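Please consult the sequence and the coordinates alongside the text.

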Amino acid sequence: MTAKGTFDLVSVTPQPPLHESDGVSIGLVTIDKTWHGDLTGTSVVTMLATATPVENSRSYVAMERIEGTLHGRSGTFVVQHDAVSDEGAQSLSVRVVPDSATGGLRGLRGEIAISIAPDGTHSYTFDHTF
């Protein structure tokens, strides 16, 4: 199955860097989101991010707990993010953590592709199975 829609970044809360040395910093960021479309609900992201002296080279890993309704089925699930920007060349993987889903979403598996339009709109395509 495929779910599509958009999401809003409701709040982005960076913490002071955990480690900083030679222009490289590692920090924690918390993000609250609202999901729209085939997946409706809210989520909280806990992100560990690294910034380097090269403007377009950075990375992050994150865990995100989503609570909502997907194609009429309600519950929660967790996704794991792994992202790298290597001088602007980007890769991103967002996968459902196996057996993390609850309620009507129990058994959920899948991957979410995220795109950001020039106007800043965030959209998703969520290929999934139960």
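The model is predicted, so local features need pLDDT of at least 70 and side-chain atom pairs count only at pLDDT 80 or more, whereas totals for chains, interfaces and linings use all residues. Residues are numbered from 1 along each chain as its sequence is written, and side-chain values use heavy atoms, with hydrogens and water left out.

**Overall architecture**

The chain contains nine strands and zero helices; both kinds of element are DSSP runs numbered from the N terminus, helices being H or I with at least four residues and strands being E with at least two. Along the sequence the pattern therefore reads β-β-β-β-β-β-β-β-β. The C-alpha atoms fill a box of roughly 50 × 30 × 25 Å along the principal axes.

Of the 130 residues, 32% count as buried. Buried means under 20% relative accessible area, exposed means over 50%, and partly exposed lies in between (1.4 Å probe, protein chains only). The accessible surface is about 7,400 Å², and carbon and sulfur atoms hold 53% of that area; the areas come from the Shrake-Rupley method with a 1.4 Å probe, and for residues only the protein chains shown count as cover. Among contacts with a separation of 6 or more, 45% are between residues 24 or more positions apart, a contact being heavy atoms within 4.5 Å.

**Charges and salt bridges**

The chain carries 8 positive and 15 negative side chains, and the centres of the two sets lie 12 Å apart. Lys and Arg count as positive and Asp and Glu as negative, without His and the chain ends; each charge is placed at NZ of Lys, CZ of Arg, CG of Asp or CD of Glu.

Side chains of opposite charge can pair when their charged atoms come close. The structure holds three salt bridges, each defined by a side-chain nitrogen of Lys or Arg within 4 Å of a carboxyl oxygen of Asp or Glu.

| Salt bridge | Closest N and O atoms |
|---|---|
| Lys33 with Glu64 | 3.3 Å |
| Arg95 with Glu111 | 3.7 Å |
| Asp99 with Arg109 | 3.1 Å |

The salt bridge of Lys33 with Glu64 links distant parts of the chain, with Lys33 in strand β3 (residues 24-37) and Glu64 in strand β5 (residues 58-70), 31 residues apart. Both Lys33 and Glu64 are buried.

In the salt bridge of Arg95 with Glu111, strand β7 (residues 89-96) supplies Arg95 and strand β8 (residues 109-116) supplies Glu111, 16 residues apart. Arg95 is partly exposed at 45% relative accessible area, and Glu111 is partly exposed at 43%.

Asp99 forms a salt bridge with Arg109. Asp99 lies in the loop between β7 and β8 and Arg109 in strand β8, so this pair ties together parts that are ten residues apart in sequence. Arg109 is partly exposed, with a relative accessible area of 33%.

**Residues with positive phi**

Asp99 also has a positive phi near 65°, although this residue is not a glycine. Asp99 counts as exposed at 64% relative accessibility.

Asp22, likewise not a glycine, has a positive phi of about 55°. Asp22 is found in the loop between β2 (19-21) and β3, and is exposed at 74% relative accessibility.
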